[in-house]
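Dear colleague,

I am handing over the structure we spoke about, placed just below. My notes on what was found in it follow, and I would be glad if you could read them with the structure open.

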Amino acid sequence: MDKLLIRGGRRLHGELLVSGAKNAALPQLCAALLSADPVTLHNVPRLQDVRTMLKLLRNMGVAAERSDDGAVHVDARVLSTPEAPYELVKTMRASVLALGPLLARFGEATVSLPGGCAIGSRPVDQHVRGLSAMGAEIVLEHGYMIARLSAGRTRLKGARITTDMVTVTGTENFLMAAALAEGETLLENAAQEPEIADLAEMLIAMGARIEGHGSSRIRIQGVERLHGCSHRVVADRIEAGTFLCAVAATGGDVLLRHGRADHLDAVIEKLRAAGVEVQAVQDGIRVQSPGSAKLCAQGFRTTEYPGFPTDMQAQFMALNCIAQGRSTVTETIFENRFMHVDELLRLGARIQVDGKVAVIEGVARLSGATVTATDLRASASLVIAGLVADGETVLEHVHHLDRGYDCMEAKLRGIGADIERASA
Ligand SMILES: CC(=O)N[C@H]1[C@@H](OP(=O)(O)OP(=O)(O)OC[C@H]2O[C@@H](n3ccc(=O)[nH]c3=O)[C@H](O)[C@@H]2O)O[C@H](CO)[C@@H](O)[C@@H]1O
Ligand SMILES: C=C(OP(=O)(O)O)C(=O)O
């Protein structure tokens with residue numbers, strides 16, 4: 001298994017390119033199932049979850065390839081099986097996004113239940129409830145959601161869906177299903193993440209009729225068929241946010257080209273309050289920091305967009321560990337998203353967890369050690385901590401990081417970090 005070797009203490013300078021968003025590319029690859037015409041996606045990040053999604057599509061008999069220019073082409077004219085098997089779903093929860101499009105276009109889907117993961121139990125009851133309201137019959141058998149149109153139906157039907165909580169992939173499944181359903185669908189309590197709006201833009205480019213995306217109420221008028229499209233995946237706000245925290249921690253001056261400051265308001269507000277300069281510049285974000293010793297730790301509470309993203313909690317916590325003062329971090333989205341805490345403690349951080357609240361006492365220095373990545377963003381927080389720790393930090397189980405970051409160590413090396421990969 002690969003490891004990352006990080007020697008801390010270097011300031012970061014220069015510029016790097018922010019990749020396309022993992023959480024936008026994954027639903028968009030599934031949305032390609034909605035049309036019999038070819039779909040081309042540009043700016044698709046090169047990361048493990050995307051490779052898994054391409055494998056999932058090919059496993060259904062769909063042509064899905066990346067060309068030399070980096071674009072991904074999906075041709076779902078024919079399908080050999082509407083199935084997402086456990087072997088693929090277990091490594092990537094986003095496979096549940098195949099359910100809506102398969103049902104809408106082919107009238108059937110067999111998708112493995114994703115089960116829990118390191119950050120929480122992650123049920124899919126809302127997906128099942130919403131799609132059932134649209135005329136699907138879904139039974140849970142042998143660990144699979146087996147879905148088909150209810151008797152007598154040839155298409156899903158529009159419905160008014162109000163979810164019990166805001167769900168990102170739930171909203172995406174309903175959006176894709178509703179695009180080909182008969183009549184109008186109204187999504188109340190919809191997720192407002194930029195990745196939802198980007199998916200809606202792609203569907204509109206395919207001929208879908210959608211209004212209100214980016215707000216909590218989305219209205220979709222179903223159409224009989226969708227055509228192909230060419231779409232550019234929105235920049236990854238979580239990747240950009242991770243680099244913002246890294247530069248804030250080490251100190252330095254970096255331009256994140258293609259980064260979208262307007263998608264990171266809650267994080268940028270906290271960074272500024274900490275003492276970091278962050279500016280939206282043309283086609284990017286510039287971050288200048290005096291280094292963690294001169295920053296004031298900031299408390300925050302994770303909430304749905306536009307609030308502070310749960311996917312940035314671990315990285316900002318790493319920054320708080322070596323900033324001045326005490327901070328309180330509350331995780332409200334996932335019940336088990338503090339797995340990085342024990343590993344940060346191994347580097348010398350002072351953190352106490354009580355349920356969904358972590359209290360962090362800033363320390364003057366961290367000291368390098370061997371630590372283990374437990375999930376995607378936990379890994380990113382340990383990389384940030386390693387970049388400021390004295391001596392060498394060895395990050396094990398890097399496959400978690402590779403799920404969601406496109407060449408992270410090469411990008412960090414490009415701005416002056418001392419980080420390399422050791423392949424076992
Ligand atoms: C591929 C992708 O886009 N993943 C993101 C997506 O995950 P994902 O879409 O899985 O997360 P959700 O927004 O659905 O989850 C929000 C909360 O609702 C709960 N819930 C959700 C659905 C459901 O049927 N029942 C239920 O109880 C979840 O357990 C969680 O507590 O949004 C999360 C929250 O911003 C991010 O951390 C993930 O990076
Ligand atoms: C939790 C995440 O992803 P996923 O939903 O794919 O597990 C994430 O991107 O931080």
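In what follows, helices (H or I, at least four residues) and strands (E, at least two) are DSSP runs, numbered from the N terminus. Please keep in mind throughout that this is a predicted model. Taken along the principal axes, the C-alpha atoms fill a box of roughly 70 × 45 × 40 Å, and 53% of the 424 residues count as buried. Among contacts between residues at least 6 apart in sequence, 72% join residues at least 24 apart.

Next come the two ligands. Domain 1 (3–19 + 235–422) and domain 2 (22–232) both give residues to the shell around ligand 1, so ligand 1 lies between them. There are 20 residues around this ligand, of which Asn-23, Gln-126, Thr-167, Val-168 and Thr-169 come nearest. The elements that give two or more residues to the shell are helix H1 (22–31), H5 and helix H6 (168–179). By class, the shell around ligand 1 has eight nonpolar, eight polar and four charged residues.

Ligand 2 likewise has residues from both domain 1 and domain 2 in its shell, so ligand 2 lies between these domains. The residues around it are Asn-23, Arg-93, Ala-94, Ile-119, Asp-311, Leu-376, Arg-377 and Gly-404, and they divide into three nonpolar, two polar and three charged.

Where does UniProt place the feature "active site"? The record, an unreviewed entry, puts it at Cys-117, a residue found in the loop between strand S7 (108–112) and helix H5 (125–133).

Most residues other than glycine have a negative phi, and most peptide bonds are trans. Arg-122, although not a glycine, has a positive phi of about 50°; Arg-122 is found in the loop between S7 and H5 and is partly exposed, with 15 other C-beta atoms within 10 Å. Cys-407, also not a glycine, has a positive phi of about 55°, and lies in the loop between helix H13 (399–404) and helix H14 (408–414), where Cys-407 counts as partly exposed with 16 C-beta neighbours inside 10 Å. A cis peptide bond, with omega about 10°, joins Tyr-305 and Pro-306, and Pro-306 lies in the loop between strand S18 (300–301) and helix H10 (313–321).

As for helix H10 itself, is it mostly covered or mostly open? H10 is mostly covered, since nine of its nine residues are buried, including Gln-313, Phe-316, Met-317 and Asn-320.

With kind regards

Conventions. Residues are numbered from 1 along each chain as its sequence is written. Chains are lettered from A and ligands numbered from 1 in the order in which they are written. This is a predicted model: local features need pLDDT of at least 70, side-chain atom pairs count only at pLDDT 80 or more; totals for chains, interfaces and linings use all residues. A residue is near a molecule or strand if its C-beta atom, placed from the backbone, lies within 6 Å of it. Ala, Val, Leu, Ile, Met, Phe, Trp, Tyr, Cys and Pro count as nonpolar, Asp, Glu, Lys and Arg as charged, and the others, Gly among them, as polar. Domain bounds come from an automatic or database domain assignment. A residue is buried if 20 or more other C-beta atoms lie within 10 Å of its own, exposed if 12 or fewer, and partly exposed in between; C-beta atoms are placed from the backbone. Two residues are in contact if their C-beta atoms, placed from the backbone, lie within 7 Å. UniProt positions are given in the numbering used here, feature names are shortened, and annotations may be inferred rather than shown by experiment.
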